[in-house]
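Welcome to this short tour. Please open the structure in your viewer and keep the selection panel at hand.

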Amino acid sequence: MVLKGKKILIGISGSIAAYKMPLLVRLLMKEGAEVQIIMTPAARDFVTPLTLSTLSKRPVLTGPFNPVDGTWNSHVDMGNWADLMLVAPASATTLGKMANGIADNLLVTTYLAAVCPVFIAPAMDLDMFQHPSTRQNIKTLQSYGNHLIAPREGELASGLCGAGRLEEPEVILEILRDFFKGIQSWAGKKVLITAGPTVEPIDPVRYISNHSSGKMGYALAEEAIKRGADVTLVSGPVSLPAPSGVTLIKVHTAQQMLEACQKVFDASDLLIMAAAVADYRVAAVSDHKIKKQGGAGTPALDLVENPDIVKTLSAHRNDGQYIMGFALETDNELANAQSKLMSKGMDAIALNSLNEQGAGFGTDTNKVTLIHRSGISYTSGLEPKAGIAGRILDFIEETIVNP
Ligand code: CTP
């Protein structure tokens with residue numbers, strides 16, 4: 001199920017062939033893809049938004065604003081969200097607008113903002129398809145790196161016969177599947193990722209924890225899924241949705257996180273320890289709420305050290321397993337990260353600096369220095385955590401090949 005969890009943006013423009021799109025949407029949904037549809041105003045004359053929103057289980061977007069509540073349909077957010085954009089059917093007008101940056105509808109603005117691969121499946125009458133302007137626009141779009149799903153020869157709605165028929169939905173599905181198979185560089189890899197904080201109870205209502213939001217670990221899980229890995233995410237309490245396609249194991253304490261990881265680690269090729277594990281827990285958790293002392297002194301909390309999860313796991317690692325940890329430091333950053341890398345038996349460590357604005361806990365962006373035990377290192381720029389996740393996985397790919 002290579003399309004499982006893939007985010008597909010479909011742009012539908014005005015062509016008779018739009019009638020084939022509900023079938024393609026159905027096929028993609030059956031494969032477990034997430035489908036967001038954008039229609040040009042002209043497309044609505046050929047297929048109804050209601051049919052498409054019912055099949056895709058998402059509202060179909062036709063303009064920059066929702067006419068009912070005025071919310072903005074951000075083309076930039078959609079362009080960043082998608083793993084792939086498919087413009088099908090692409091009419092002669094839409095091809096012309098895309099090739100020339102005429103951004104007068106949501107489909108074209110989103111196309112211009114998209115950072116993902118784009119597939120274009122034209123459909124029009126034979127003579128329109130043969131026209132030099134259409135030919136030139138297609139060539140221009142291909143020169144931008146867009147992929148062409150060439151129309152088929154056959155009987156056209158006009159009664160003429162020739163090239164111009166939208167490729168069949170089953171074939172388009174196959175093309176998209178093959179495309180994702182080709183970029184699934186982590187296919188077959190089992191990846192264990194920890195994320196979020198651990199919370200250590202004091203009594204039934206209080207706990208010790210930290211500010212970890214889990215965003216970095218969840219972004220890593222999402223990126224590993226995109227690359228085709230089989231991902232288990234062991235997560236402390238966070239308020240983030242599970243990336244689709246991951247096996248999520250929810251835990252609270254460091255001890256529970258260790259036990260969950262121990263069950264999965266042996267069969268994993270990679271461990272990425274992004275969780276912010278609490279170093280200490282309360283020695284004796286009170287089974288009732290600790291009451292205020294009313295001036296008769298302050299209660300003492302007896303703490304004991306939690307197990308070091310990554311150290312415990314790395315002590316029993318199998319040949320070929322790769323372990324990456326994180327370090328969040330405020331001073332002596334590089335030296336501390338390097339010493340953690342060695343003392344915890346890791347292959348690589350990602351250093352976050354709390355001194356860096358926009359990096360570290362709770363932020364949507366991050367900046368990391370990645371260090372491999374061989375000495376290879378890389379420092380990223382400040383980027384959204386999704387981008388940083390990509391850099392981290394690229395670094396792992398590079399250092400697995402060049403240990
Ligand atoms: N880690 C772990 N188990 C712990 C503590 C930390 O597996 N009990 C992991 C973290 O997930 C991270 C790495 O070890 O990948 C470094 O975590 P960090 O909190 O920076 O290191 P500590 O060993 O706790 O050192 P200190 O808090 O003293 O800086």
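Start with the largest pocket, which holds about 1,100 Å³ of space. Here a pocket is an open set of points on a 1 Å grid over the protein atoms alone, with protein on both sides within 12 Å along at least five of seven lines. Grid points are joined across faces, edges and corners, and a volume is the space filled by probe spheres set on the points.

A note before going on: this is a predicted model, where local features need pLDDT of at least 70, side-chain atom pairs count only at pLDDT 80 or more, and totals for chains, interfaces and linings use all residues. Residues are numbered from 1 along each chain as its sequence is written, and side-chain values use heavy atoms, with hydrogens and water left out.

Now select K7, N80, E222, K226 and A386: of the 35 residues lining the largest pocket, these lie nearest its centre. A lining residue has an atom within 4 Å of a point. Next, colour α3 (75–81), α8, α9 (215–226) and α13 (385–401), each of which supplies at least two residues of that lining. Helices are DSSP runs of H or I with at least four residues, strands are runs of E with at least two, and both are numbered from the N terminus. Which helix gives the most to this lining? It is α9, with seven residues. Colouring the pocket lining by class shows 17 nonpolar, six polar and 12 charged residues. Ala, Val, Leu, Ile, Met, Phe, Trp, Tyr, Cys and Pro count as nonpolar, Asp, Glu, Lys and Arg as charged, and the others, Gly among them, as polar.

To see where they touch, show L23, L24, L27 and L28 in α1, which meet P169, E170, I172, L173 and L176 in α8; contact means heavy atoms within 4.5 Å. This contact has eight nonpolar, no polar and one charged residues.

Last stop: the largest cavity, with about 40 Å³ of space. A cavity is a set of points where a 1.4 Å probe fits but cannot get out. Select L95, I120, I138, L141, Q142, N146, H147 and L148 to see its lining. The largest share, three residues, comes from α7. By class, the cavity lining divides into five nonpolar, three polar and no charged residues.
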